[in-house]
Amino acid sequence: MNILKDSFYLTLSKGIRSVVMMAVVMVMTRVIPIGIYGTYRQLITLSTVILAIAPLGIPISVSYYYKNIKAGQRDKLITNTLLISLLLALASSLVFTVFKYQISASLNIENIDDYLLGFSAYIFILVASSFIENLFVSAEFAKKFSICNCIYYVLFLIALIFVIYKNGRLSVIITAMSALEALRFLVLLAFILNRLKVRFSPDMGFLREQFVYCIPLGLVGIVQVLNTHLDKLIISGYFTTAEFAVYSTGAMEIPVVSLVTVSLATAALPYMSKEYNTNHDIGKALLIWGKITVTGAVLIFPVFFILAFFNMGYVSFLFSEKFLSCIPVFLIRLLRLPLSCTVFGNMLIIMGRQKVTIYNMLISIAINVAFNIILIPSMGMEGAALSGVIMHVAVILLQLYQIGRFSGQRIRDLMPYGRLLKIFLVSLTVVLPFYLLSNLVVLNYIAKFFVFGPAAFITCMYTLTKLGLADFDTGKLSLLRLRKTGSPKVLKTGRVDYGKERVD
C-alpha cells in the first residue's frame, strides 16, 4: 500500500487538468466578450452540478467494492458499472434536452439552442466516464492513469486554444470539448478493459446490491453539490451573464491546490474501507485519515496566506485586470480553503452512514438558503459568497459530530488539531514578512505574486519540515514510525490517541 505515491500521481494528472482548464479560462477572458464568457461559466457550473448528481454514487462504489470482493467478482462489478454509467449518461442528456428552456430561464442562460447538441454530448461523456478514475486507482494503475491524462491534457490545451482563436464561437468550443473528452474516455476504457482482461458479465443481483449502496451516496452527491454551487445557481438566476462572469471568476476553485485533498482522499479511501470493513479496525482507518489531513494542511495552509496577501497579482495574472472587481468575492470564498485540507465525508462513507450524511447536508442547505435570502439583498454577490462559507463550516461541524458518534471516539481525538493549528500559525508567521517586504519593492502586482509567493511557499515547506510538522510518510503508515514522530497511536481500547503535540 502506498497512498502517498498514488495520491501524487492523481494530483499530478488532476493538477495538469486544472492548469489546462485555467489556461483556457485565461485565454477566454482576454479573447471573447465578458457576456459570452459568463455563458460559458454558466454551462460549466451546470455540467458540474449534473456530474455530481447523475452518477448516483457509482464511482465511489467501485472504490468501496473493488478491494472487498473476490477477484472473480470484479468482472461483474466493472460490467455493471459500465452499463449503468452509460444508461445514466443517456438519461442526463435527455433530461437536459427535454427541459432546456426551463433550465435556461431559471439560470438566465442566453441562446440555449446554440449550445444544445454540443453540451448534451458533453454531459453524456462526463457522466459515462465518471467511474474511470476510481477503477484505475482501485486496480493500482494510478501511475498509468496519470501519464495518459497528462499527455491528453497537453493535447487538449493545444486543440482548444486553436479553436478559440480560429473560431471563437462558444458553440464550437463546447463541441470541441465534448469530442476531446470522448476520445479520452474511449482510450482509457480500452486500456483498462484489456489490461484487466474484463469479461462482459452483468449480474442483476450484484447490481441491486450496488444500487442499495450507491443510492444514499447519490443523494449525498445531490445535496453536497447544492451546498457547493447553490450560491452560483442563485447568482445566475438573479444577475446578468456579465455579472455572473465576475462572481464565478471570484468563486472559482484554486487551481491544483484543492486537488491535493481530493487526490489524497481518493487514494486513501480503498485502504480506509479495507481497514474498517475487512479488518474491522476503526483505529487504523482513523490513523490513515489523520495523516492525509496533515499532509493536505502542510500544502494548503501556506497557499491560503499567499493568495490572501497577494490577491491582486493572482487575479490580474489569471483573468486580466478587468476582473479585479471579483476580489471581494474571491477573498470571502478563500476562507473555505483551510477547511478543505481533508474530505470529512469519507469516514462516514466507509462506516456505511451515508443516510446520516444526507441529513447533515439537508440541514446545511437550509442554513445556506436562509443566509442567502438574508445576505444577498444587503450584500449582493459578497452575501452569496459569505453564505457558502457559513454553510461549509456547518457541514464540517455536523460531520465531525457524526463521525465521533458512530466511531465511538471523542471528537477531540478524531484529528490532530494541535498539529493543524501549529501548521496554520507557522504558515502565517512565514508568509506575512514576505508580504510586508513586497510593499517596499517597486513591482507590479503580478511580478510581486511570482517573486514573493513561491519564495514564501518554499520557506514554509522548509520551516514546517524542520519543525517536524510536515508529514509526507503517508504511504508507509508504519505504526512504529508514527509513534516516533509523535503522530496518533491506536490504543488497546481502539481509541485513537494523538498524544501531546511535540516538535522533535
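Helices, here runs of at least four residues, and strands, runs of at least two, are assigned by DSSP and numbered from the N terminus. By that count, the chain in this predicted model has 22 helices and two strands. Of its 504 residues, 57% count as buried. The mean pLDDT of the chain is 82, and 89% of the residues reach 70 or more.

**Overall build**

- The accessible surface of the chain comes to about 21,200 Å², and 68% of that area belongs to carbon and sulfur atoms.
- Among contacts in the chain with a separation of 6 or more, 83% are between residues 24 or more positions apart.
- K14 belongs to helix α1, which covers residues 3-31.
- The relative accessible area of K14 is 15%, and buried means under 20%, so K14 counts as buried.

**Nonpolar cores**

- The largest nonpolar core has 132 residues, and those touching the most other members are M28, Y37, Y40, I132, F156, M177 and W289.
- Helix α13 (residues 282-309) gives this core its largest share, which is 16 residues.
- Leaving aside residues up to four places away in sequence, F156 touches V20, M21, M177 and L180.
- There is also a second, separate core of 13 residues, which includes I332, I376, M381 and V389.

**A nonpolar patch on the surface**

- Nonpolar residues also occur at the surface: I147, I151, V154, L155 and I158 form a patch there, and together they have about 470 Å² of accessible area.
- I158, one of the patch residues, is found in helix α8, which covers residues 142-166.
- Is I158 buried or exposed? Its relative accessibility is 54%, and the cut-off for exposed is over 50%, so I158 counts as exposed.

**Salt bridges**

- Side chains of opposite charge can pair when their charged atoms come close.
- The structure holds three salt bridges.
- In one of them, the side chains of R199 and D75 meet with an N to O distance of 3.3 Å.
- R199 lies in the loop between α9 (170-195) and α10 (204-238), whereas D75 lies in helix α4 (residues 74-98), so this pair ties together parts that are 124 residues apart in sequence.
- D113 forms a salt bridge with K100, and the closest N and O atoms of the pair are 2.9 Å apart.
- This pair links distant parts of the chain, 13 residues apart, with D113 in the loop between α5 and α6 and K100 in helix α5.
- D113 counts as partly exposed, with 41% relative accessibility, while K100 is buried, with a relative accessible area of 14%.
- R184 and E181 also meet in a salt bridge through their side chains, at 3.9 Å from N to O.
- Both R184 and E181 lie in helix α9, three residues apart, which is about one turn of the helix.
- R184 and E181 are both buried.

- Most residues other than glycine have a negative phi.
- N108 has a positive phi, near 60°, although N108 is not a glycine.
- N108 is found in the loop between α5 (100-107) and α6 (116-128).
- With a relative accessible area of 29%, N108 lies between the cut-offs of 20% and 50%, so N108 counts as partly exposed.
- E140 is another residue other than glycine with a positive phi, here near 65°.
- Where is E140 placed? E140 is in the loop between α7 (132-138) and α8.

Methods: Residues numbered from 1 in each chain as written. Predicted model: local features only at pLDDT ≥ 70, side-chain atom pairs only at ≥ 80, totals over all residues. Heavy atoms only, no water. Core = buried A, V, L, I, M, F, W, Y, C linked by side-chain atoms within 4.5 Å. Buried < 20%, exposed > 50% of the residue type's maximum accessible area, 1.4 Å probe, protein only. Contact = heavy atoms within 4.5 Å. Patch = residues over 30% accessible without salt bridge, like charges linked within 9 Å, V, L, I, M, F, W, Y side chains within 5 Å. Areas by Shrake-Rupley, 256 points an atom, 1.4 Å probe, with all protein chains shown as cover. Salt bridge = Lys/Arg side-chain N within 4 Å of Asp/Glu carboxyl O. pLDDT = per-residue confidence, 0-100.
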